[in-house]
Each structure stands twice: as C-alpha cells, then as structure tokens.
Amino acid sequence: MTGTAAPAFGRFIAIDWSGARGKRYAGIAVAECATGDAAPQLVEGPGGWWSRTAVFDWLRAELPKEPALAGIDCAFSLPFAVAAHGFPGREATVFDLWDAVEEVCAAEPDFGGGPFASHPLHGAGFWHGGPQPDWYQDLHRATEWACRADGLGHPQSPYKLIGSRQVGKGALAGMRVLRALRIALPGQLAVWPFDDPAPGLSVMVEIYPRLFLKHTGFGQRKIRDGAEMDEALRRLGSHPLERTGTVSDHDSDALVSAAGLRWLAGTPRAWAPPGLDDTAKRQEGWIFGVGMAGS
C-alpha cells in the first residue's frame, strides 16, 4: 500500500484450511460476518461438508458481490532461500511459484498440492519422513519469525512434512486456489501483500488464528466450548453467537478469525507492518496482523 489509510470492506470471511487428500474434509470451516458487531456465522458447505473445490466455487461467486476481506489459514508462499532453487537463472516471484505448483500438480484433484513436494527440482527441500536428514534446513519466512517475536508460538516450516502440525501441503493447495481465484476474478480481487488493495476490490490475506485467540486472552489453547467462544467474540467487539455445548476447534478458529478480521481491518499498521519488505511483498508474503509493533 502506498498510503496509510486502511481499505474498507462490508464483509469479512475466515477459512480454516486443510491440505489433506480426499473429497471432503472435517478440517475445513468457513465463517463470515458483516460490518458492525453482529456475531459471525458458519457457512455450511455443500451437503454439510467442504472440499477445497467447493471453497473455491463459493469464493468465486461471493467475492465479486461486495468488497470483502477474506482470510485463509495457510501459508501463501514458501521460504525463498529454498524455493528460489527451483528457478535457476532468474529472480522468481510468488506468482512464478504459484505457476510452478499448478504445473506440477495440475492432475491432482481438488487443488491438491502433494506432488510438488515430491518433484525432483521443486521438492528437493521437503522433509517427508524418518529421522531429520543432514541436508534439511528448517527455514521460515520473515513473517513466521515475527509470529514468534509476537509470542504467538512457533509456526512450522512448510518444508517439514512431518506430524500432525505440518502445514506444507495445505500451503501448496492454498497457492493453487489463490492462483485460480486471481485468474477467475481479474480486476476484482487482490491477494495481499503481493497485490495492492484498491477501492472496490475484495482482498485475500493469510491469517493465523492464534493471533486473534491471543488477543482474547486464550493464549496457546484452542476454544472448544460455546461459552468460551462467546467470550472471545466479545473481546473482539462482536455480539456472542450464543451457541451451547462443544464446538470443534476448526469452527471456533473460523468464527473467531472472522470477527478478528473485522476488528483488525481498520488498523492502518496491519497493512504496513515494519517487517513488510520487498522480499515479503514479491516472494514470501506476510500474515495479516503479525509484527505490527516492529522489531
């Protein structure tokens, strides 16, 4: 962004994401809220379940209706200290990376990104299993280091495809969806920080639900109870949802993040954090709302 004013939106959408293989996933949840203080609501997927293709179809239909701020809980890029090796002889951008992911994974259904991590050139930096190899570099983007500095925990490197906390395949699937949305919605969608927001555009941002949960006082623990979720929503300036009983952490992450996006969107510093340098803008991206205090 060239100015200091925050863009204006009438709608706020948050998506808890999954990179799993299959046709539908319990790990995907979508929530939205409008300007004001009404409680966010879950958006039900087709037949009660979301696939990545269904999320893409829904966003493609909904984002042009009015300017929306939509966040996805996945990395929008990779650490370019490794990713750049896939583009010898040139200085690649994030859009080159997205094109490469699509080229390698085009035959994978439902925007799956797994084949990229096994590609002989692009997949060379991924740790797939077994003891940590001597060659493995546990690299992180600058925005992930900013998460640590903000006390938001320790995001996994997308190159570490080990264990339940691995995020790499979800990131690769997300890159395919983002690329497809930019193509499907020319002149209607910006993907921040690679594209500048402009009046009338919807904007996609990378989110980290832990940021909003920390602000509400829940620290490192998940919200799995309706009463706790309502307390978190109140602390983000939202009316409670008044949902009783158990709530899945996927649903609570999406609901709290939708309210959190609305709470944070009008803060100019969220759009221009001190660490948002040229590498972040062109190659690695930035998690919305992270690092606002600077180093």
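**A conversation about helices**

Visitor: Where is D251 placed?
Guide: D251 lies in helix α8 (residues 249-264); helices here are DSSP runs of H or I with at least four residues, numbered from the N terminus. This is a predicted model, in which local features need pLDDT of at least 70 and side-chain atom pairs count only at pLDDT 80 or more, while totals for chains, interfaces and linings use all residues. Residues are numbered from 1 along each chain as its sequence is written, and side-chain values use heavy atoms, leaving out hydrogens and water.

Visitor: Is D251 buried or exposed?
Guide: D251 counts as buried because its relative accessibility is 18%, and buried means under 20% relative accessible area (1.4 Å probe, protein chains only).

Visitor: And what is D251 in contact with?
Guide: Apart from neighbours within four places in sequence, D251 is in contact with A29, L42 and R243; contact means heavy atoms within 4.5 Å.

Visitor: Which residues of helix α4 are buried?
Guide: In α4 (residues 142-149), they are T143, E144, A146 and C147. These residues lie on the same side of α4 because they cover an arc of only 155° around the axis, taken from the directions from the helix axis to the C-beta atoms.

Visitor: What follows α4?
Guide: G151 follows α4, and its phi is positive, near 75°.

Visitor: At what angle do α3 and α5 pack?
Guide: Helix α3 (residues 94-105) and helix α5 (residues 168-184) pack at about 105°, with axes 9 Å apart; the axes are lines fitted to C-alpha atoms over the stretch in contact, and angles run from 0 to 180 degrees between N-to-C directions. Therefore α3 is roughly perpendicular to α5, a term for angles of 65 to 115 degrees.

Notes
Helix = DSSP H or I, 4+ residues; strand = E, 2+ residues; numbered from the N terminus. Buried < 20%, exposed > 50% of the residue type's maximum accessible area, 1.4 Å probe, protein only. Parallel < 35°, antiparallel > 145°, perpendicular 65-115°, else oblique.
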